[in-house]
Every structure is written in structure tokens, then in C-alpha cells.
Amino acid sequence: MIIREKDKQIYINGYDHPDIIAGQGTIGLEICSQVEDLDAIIVPVGGAGLIAGIAVAAKNMNPNIKIIGVEASRCKSFTQAIKAGKPVKASSHVSLADGLAVPTVGLNAFVTAQPLVDKTVTVSERAIALSILRLIEIEKAVVEGSGVVGLAALLDGLLPELHGKNIKDILHERAWLLE
């Protein structure tokens with residue numbers, strides 16, 4: 001803080017600053033412009049900046065698209081914020097999805113995302129581990145736990161309403177048609 005004050009530097013929060021949220025929105029724009037007839041986007045949730053940006057962009061391009069957030073069960077900060085109606089400090093424990101283990105979602109991100117997110121689910125450590133393994137075995141891709149939570153939710157059957165729908169899990173380079 002002393003160096004920042006001395007050099008007149010500005011701190012920019014990595015998930016809650018409006019410019020960061022806007023930048024995350026470009027992912028939503030890209031997805032919607034590249035994937036036709038998209039029904040849903042599944043987004044990992046930690047500090048909520050990613051889902052906020054994607055939700056704003058995607059819902060502006062297609063108001064009918066479903067935005068689904070996925071959290072690790074060991075840190076349900078967005079879920080708890082929704083229940084409280086504001087960001088609150090959630091219990092956070094060691095997780096395979098360590099990049100999502102943010103105990104308090106950002107205020108800007110929460111206020112932006114809350115009205116646009118259609119559903120939020122939480123996934124277990126077991127589901128995260130199995131998804132990492134599945135991607136290694138089938139896709140030959142090593143993906144860290146935060147990146148596989150969407151797949152974990154699908155494999156665990158937490159999103160049955162997406163059966164037969166065209167979805168995008170932002171981990172993957174392609175859209176999925178669930179069968």
C-alpha cells in the first residue's frame with residue numbers, strides 16, 4: 001500500500017472492477033456470435049466477475065439464453081449471497097477448484113449478475129475429481145478443478161433441464177448438444 005500511495009498506483013480488483021467485468025463480457029459476445037441456437041452457457045463462479053460479464057453480454061444478444069453458475073461445494077459464496085440478497089462472507093475450504101474459492105463475491109459483480117443468472121448449482125469434490133479424470137481420458141486435456149465444474153455439474157446430473165439442449169461450458173472449445 002505504501003508503494004501504491006507513493007507512486008499513485010491504482011488497485012484493480014481481479015473480479016469485481018467494472019472494467020474487468022466488461023472484459024469478461026467479451027467471452028459472452030464471442031460465444032453468442034460463434035454458436036448458433038445456443039440454449040445455455042455454464043459458467044464457473046468464484047468472485048462472480050466472470051459470470052456477471054458473460055451474463056450481461058449473452059442476455060443482451062439473446063434474452064432467452066440460460067446462464068447457469070457452478071460453484072464448488074466447499075465455497076458457496078455466490079449461492080449464499082443470493083440467499084442473503086447481498087455479498088456475505090462464506091465458509092471456504094481447500095478445494096480442487098481453488099480458483100473459485102473466493103469467500104466473498106464482489107459487490108459490483110453480484111449486483112450485475114444476480115438478476116441475470118437463471119440457476120446456480122454446487123458440485124462436490126468427487127464430481128470435480130471425476131471430471132478432471134474424464135477430460136484426461138477422453139479429451140487428453142489436463143484442466144484444473146476450477147475449469148471443470150461445469151462438466152462436473154453435467155456428469156452429476158445437476159442440470160437435467162439441459163438434456164437435448166445446445167449448451168456451452170466455457171471450459172471447452174466447442175458447444176455441446178446434450179443427448
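This is a predicted model: local features need pLDDT of at least 70, side-chain atom pairs count only at pLDDT 80 or more; totals for chains, interfaces and linings use all residues.

A: Residues are numbered from 1 along each chain as its sequence is written, and side-chain values use heavy atoms, with hydrogens and water left out.

Q: Which way do the residues of strand E4 point?
A: Strands (E, at least two residues) and helices (H or I, at least four) are DSSP runs, numbered from the N terminus. Strand E4 covers residues 166-169. Asn166 and Lys168 point one way, Ile167 and Asp169 the other. All are buried, meaning under 20% relative accessible area; exposed is over 50%, and partly exposed is in between (1.4 Å probe, protein chains only).

Q: How many bridges join E1 to E4?
A: Two strands pair if DSSP finds at least two bridges between them. Here 3 bridges join E1 (residues 40-44) to E4, and the strands run parallel. Ile41 stands opposite Lys168 in E4.

Q: What is the count of disulfides?
A: A disulfide is a covalent bond between the sulfur atoms of two cysteines. The test is a pair of cysteine sulfur atoms within 2.5 Å. By this rule the count is 0. Cys32 is buried at 17% relative accessible area. Cys75 is buried at 3%.

Q: How many aromatic pairs does the structure hold?
A: Rings of Phe, Tyr and Trp (its six-membered ring) pair if their centres lie within 6.5 Å; planes under 30 degrees apart are stacked, over 60 edge-to-face, and the rest tilted. This structure holds 1 aromatic pair. The ring centres of Phe78 and Phe110 are 6.0 Å apart and their planes are at 70 degrees, so the pair is edge-to-face. Phe78 lies in helix H4 (residues 77-84) and Phe110 in helix H5 (residues 107-113), so the pair ties together parts 32 residues apart in sequence.

Q: At what angle do helices H2 and H3 cross?
A: Axes are lines fitted to C-alpha atoms, for helices over the stretch in contact, and angles run from 0 to 180 degrees between N-to-C directions. The axes of H2 (residues 18-34) and H3 (residues 49-61) come within 7 Å and cross at roughly 45 degrees. That makes H2 oblique to H3. Angles under 35 degrees count as roughly parallel, over 145 as roughly antiparallel, 65 to 115 as roughly perpendicular, and the rest as oblique.
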